[in-house]
Amino acid sequence: MNFINKENHTFTFSSLNNPVLKVKSGSNVVFETHDCMCSQITCSDDNMDSIDFDRVNPATGPLYIENSMPNQTLKVSINSIELKGNALAMTGPGVGVLGNKLDTMTHNILKIENEKALFNNLELPLNKMIGVIGVAPSDNKSINCGTPGSHGGNMDCKIIAEGSSVYLPISIEGSLLSLGDIHAVMGDGEIGVSGAEIGALVDVKVEVIDNLTIKNPILETEDAYYTVASAETLDDAYEIAIEDMFDILLPKCNLSKNDLVMLMSLTSDIEVCQVVDPLKTIRFKVKKDILSQLNIDKLI
């Protein structure tokens, strides 16, 4: 089994990071992950003031995929997410959407029992997801794991879950895939700056797709495709995501530009991933049953 221990983690997506494992396209790999606080908070008595914020959002990896080259696409299929231990939720002044209304940084430890996260006296159904997943950017750039972008990164998209696939644009040889920031529960927006942060074992399959170049991440689920974009504002992000979907669909369908815009307006959805990171992230959804009626078997 291909396995990457959680102690092999990074806080940046960068071509300068040394890979911890090399595999062939088509391989399955299990990533062991820390929670987003790198296991610094483990019980209700831990002091939030002691957190080293330089050790936030660790991503396990990077993984080198052989024969992956710039201008190709990396497909990452999420086989399973096995949660480990308890989860952590936190918020406080100066973070999230409502940080201006809060006076102190506080946290809750959530036990995971019977497919539920226990928050105070509430039982919250699990929606296990990957918050951070991405590849290295080009030109020796280094991007903090807390920031999303065209490379992927901290998209905090709850669609990135068991059974879904993530398509990432490859910028460097080997791709250098890393992932982490698993959530047991999270609502769209992540408005308080955290989901139910938890460690996990994540089993994925990695595949290099030749002759396919994309500009930003694309997601696939059983019933839909999503274009994903991150920008300084939600307005800028949704414009990028919608334009990406339009550009992909236009050459595949027999509709005029005007008719395609009308169809997208009638049947497609803008959905918010997160609004609390340095860049905001949007996903734009097109249902597979609509694509089927257009005689489009696969979006990409």
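I began with the cysteines, taking a disulfide to be a pair of cysteine sulfur atoms within 2.5 Å. The model is a predicted one, in which local features need pLDDT of at least 70 and side-chain atom pairs count only at pLDDT 80 or more, while totals for chains, interfaces and linings use all residues. Residues are numbered from 1 along each chain as its sequence is written, and side-chain values use heavy atoms, with hydrogens and water left out.

**Entry on cysteines.** I looked up how many disulfides the rule gives, and the count comes to zero. For Cys145, I found that the closest cysteine sulfur, in Cys38, is 11 Å away, which is too far for a bond. For Cys36, the closest cysteine sulfur is also in Cys38, at 9.7 Å, and this too is too far for a bond. I then checked accessibility, where buried means under 20% relative accessible area, exposed means over 50%, and partly exposed lies in between (1.4 Å probe, protein chains only). Cys145 counts as buried because its relative accessibility is 0%, and Cys36 is buried with a relative accessible area of 5%.

I use strand for a DSSP run of E of at least two residues and helix for a run of H or I of at least four, both numbered from the N terminus. Thr60 is in strand E6, which covers residues 59-65, and at 1% relative accessibility it counts as buried. I noted that the side chain of Thr60 reaches the backbone oxygen of Glu32 at 2.6 Å; a polar contact is a pair of N or O atoms within 3.5 Å, where within protein one must be able to donate a hydrogen and the other to accept it, and residues adjacent in sequence count only if both atoms are side-chain atoms. With contact meaning heavy atoms within 4.5 Å, and not counting residues up to four places away in sequence, Thr60 touches residues including Ile4, Asn8, Phe31, Glu32, Thr33 and Leu177.

Thr33 itself is in strand E5, residues 28-33, and is buried with a relative accessible area of 3%. Again leaving out residues up to four places away in sequence, I found Thr33 touching Thr60, and also Lys6, Leu179, Gly180, Ile182, Ile198, Gly199, Ala200 and Val202.

**Entry on backbone geometry.** In strand E6 I also looked at Pro62, and the peptide bond from Gly61 to Pro62 is cis, with omega near 10°. Most residues other than glycine have a negative phi, and most peptide bonds are trans. Asp139, although not a glycine, has a positive phi of about 60°; Asp139 lies in the loop between E11 and E12 and is exposed, with a relative accessible area of 65%. Asn295 likewise has a positive phi of about 60° without being a glycine, and I located Asn295 in the segment after helix H3 (288-293), where it is exposed at 68% relative accessible area.

**Entry on Asn140.** Asn140 is in the loop between strand E11 (129-134) and strand E12 (142-144), and at 53% relative accessibility it counts as exposed. Which residues does Asn140 touch, not counting residues up to four places away in sequence? I found Ser15 and Leu16, and the side chain of Asn140 makes a polar contact with the side chain of Ser15 at 3.1 Å. The C-alpha atoms of Asn140 and Leu98, which are 42 residues apart along the chain, are separated by 36 Å.

**Entry on rings.** I count a charge as sitting over a ring if NZ of Lys or CZ of Arg is within 6 Å of the ring centre and within 35 degrees of the ring normal. Lys22 lies over the face of Tyr64, at 4.8 Å from the ring centre, and the charged end of Lys288 sits over the ring of Tyr225, 5.1 Å from its centre.

**Entry on domains.** The domain assignment, with bounds that come from an automatic or database assignment, gives domain 1 (2-209) and domain 2 (218-294). The contact takes 23 residues from domain 1 and 17 residues from domain 2. Taken over C-alpha atoms, the centres of domain 1 and domain 2 are separated by 23 Å.
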